[in-house]
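Let's take a friendly walk through a protein together. Have the picture ready, and follow along one stop at a time.

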Amino acid sequence: MALLELTGIGKNFGGLAALGGVDLTVEEGEILGLIGPNGAGKTTLFNVISGVLPPSAGRIVYDGTDITRWSLHRIARHGLVRTFQQTELFMEMTVLENVLVSARAHSGLSFRRMSGREAAGRMSVHEIIELVGLSDLTDERAENLPHGHRRALGIALALAAAPSLLLLDEPLTGMDAGETEAMVSTIERIRARNTTVMLVEHNMRAVMRCCDRIAVLDFGKLIAEGPPQRIQNDPRVIDAYLGADEDIHGIEQAPA
Ligand SMILES: Nc1ncnc2c1ncn2[C@@H]1O[C@H](COP(=O)(O)OP(=O)(O)O)[C@@H](O)[C@H]1O
Ligand SMILES: [Mg+2]
């Protein structure tokens, strides 16, 4: 059984059909990439799946339960958690305090009891911090972190909700090569800890490297879906997104 099953998902904004009947399944344990040009509906699909916006049409079944029209918080409590393109951190707090606050918000445990293994459900707060590569910065305030580490901390906050399915919206935006490398490793470690990942990302090199499967959105419709090798050679995808005369292996950033 698929972990997430989307059937006929539509989303209208006034006269605009941002999503026009999306059918897609996410299998447990995979990293599924979602790509497509700007305005294709990727963020809207994340908003609909995670309960930020209700769909105009269609059905969302997560882990065997129909969650269509559930609230963001109820969905998150059931283990489907998203990050936003711009993460909200507690800037004046340390890395550790940020993760503790998030873990507390998602567990209902008291702050004082939140030091050890019980804190974050399946992973302890310290395991989460180590997984995102911030172990040496546990006591650093968020406001002092460079961009890449701030994004890593944003992912740690999402992990503190103990997700089974994590939706990452453009986690590599604005990162240099070293930060990108570190984040790709983090995403692979997250999957290795049995969290399924759905990844929206413009960095094609990273997407092709870490995704098991890729789905392509164009004008709110899925135009292709399959393993990276097939996607990068699919004429419809090249036409809609990748650029017919571009060598995909050389693309760092898709056209803005
Ligand atoms: N809250 C909103 N209200 C009105 N239009 C929106 C809203 N969110 C997104 N859109 C529109 O829906 C389309 C898809 O946007 P989006 O999902 O952000 O695309 P992507 O993330 O693929 O770049 C765009 O035309 C965008 O302008
Ligand atoms: Mg977007």
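A pocket, as the word is used here, is an open set of grid points with protein on both sides within 12 Å along at least five of seven lines. Keep in mind that this is a predicted model. Rolling a probe the size of a water molecule over the atoms shows where empty space is left. In this model, the largest pocket holds about 580 Å³ of space.

Which residues lie nearest the centre of the largest pocket? They are Val81, Arg82, Phe84, Ser102 and His106, out of 21 residues that line the pocket. Helices and strands both take part: α2 (72-77), β6 (80-82), α3 (95-107) and α5 (147-159) each give at least two residues to the lining. The largest share belongs to α3, with five residues.

Now look again at Phe84, one of the residues nearest the pocket's centre. Together with Val52 and Leu72, Phe84 makes a nonpolar surface patch of about 210 Å². You can find valine 52 in the loop between α1 (42-50) and β4 (57-62). Valine 52 has a relative accessible area of 34%, so it counts as partly exposed.

Our last stop is a pair of cysteines. A disulfide is a covalent bond between the sulfur atoms of two cysteines. How many disulfides does a search of the whole structure find? The search finds zero. Cysteine 210 is in no disulfide, and its nearest cysteine sulfur, in cysteine 211, is 4.5 Å away.

Key:
Residues numbered from 1 in each chain as written. Chains lettered and ligands numbered in written order. Predicted model: local features only at pLDDT ≥ 70, side-chain atom pairs only at ≥ 80, totals over all residues. Heavy atoms only, no water. Patch = residues over 30% accessible without salt bridge, like charges linked within 9 Å, V, L, I, M, F, W, Y side chains within 5 Å. Areas by Shrake-Rupley, 256 points an atom, 1.4 Å probe, with all protein chains shown as cover. Salt bridge = Lys/Arg side-chain N within 4 Å of Asp/Glu carboxyl O. Helix = DSSP H or I, 4+ residues; strand = E, 2+ residues; numbered from the N terminus. Buried < 20%, exposed > 50% of the residue type's maximum accessible area, 1.4 Å probe, protein only. Disulfide = S-S within 2.5 Å. 1 Å grid on protein atoms, 1.4 Å probe; cavity = no way out; pocket = protein on both sides within 12 Å on 5 of 7 lines; lining within 4 Å. Points joined across faces, edges and corners; volume = space filled by probe spheres on them.
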